[in-house]
Amino acid sequence: MEFTREWFDESSNEWMKNKRKKRSIYFYTCDHTYQSGKRCGRDCFKQESMCQQHWALEKNALAKKVKEISMEYILISPALPDPNQSNET
Ligand SMILES: [Zn+2]
């Protein structure tokens, strides 16, 4: 491997693909890819790998999934004993 200028340019281009330079500080940009194949490219939200919008979408999808799973759990779990029908003999 020869560390030529071309090699460096190519490497830095690769490295820059998911980053955006802002006042000499590198910010990670949103990794969300649209159906057209275009990356979102907006600044990431907090420490996430997505912008606020796509992070919210992901979070909602996750919350929905959790809700579905807990609903299933409620349906399959045995009913709790009714405290009004305890043995009073
Ligand atoms: Zn995004």
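1. Helices, of at least four residues, and strands, of at least two, are taken here as DSSP runs numbered from the N terminus. In this predicted model, the protein has two helices and two strands, and, read from the N terminus on, these elements follow the order α-β-β-α.

2. As for the protein as a whole, buried residues account for 3% of its 89 residues. Where contacts join residues at least 6 apart in sequence, 2% of them link residues that are at least 24 apart.

3. Helix 1 covers residues 5-16, and its end C-alpha atoms lie 16 Å apart, which agrees with the 16 Å that its twelve residues should span at 1.5 Å a residue. The number of buried residues among those twelve is zero, so helix 1 lies largely in the open.

4. Between Met16 and Tyr26, which are ten residues apart in sequence, the distance from C-alpha to C-alpha is 8.9 Å.

5. Helix 2, which comprises residues 52-76, has 25 residues that should span 36 Å at 1.5 Å a residue, and the distance between its end C-alpha atoms, 36 Å, agrees with that expectation. Helix 2 is also hardly covered, since the count of buried residues among its 25 residues is zero.

Terms used:
Residues are numbered from 1 along each chain as its sequence is written. This is a predicted model: local features need pLDDT of at least 70, side-chain atom pairs count only at pLDDT 80 or more; totals for chains, interfaces and linings use all residues. A residue is buried if 20 or more other C-beta atoms lie within 10 Å of its own, exposed if 12 or fewer, and partly exposed in between; C-beta atoms are placed from the backbone. Two residues are in contact if their C-beta atoms, placed from the backbone, lie within 7 Å. The expected span of a helix is 1.5 Å times one less than its number of residues.
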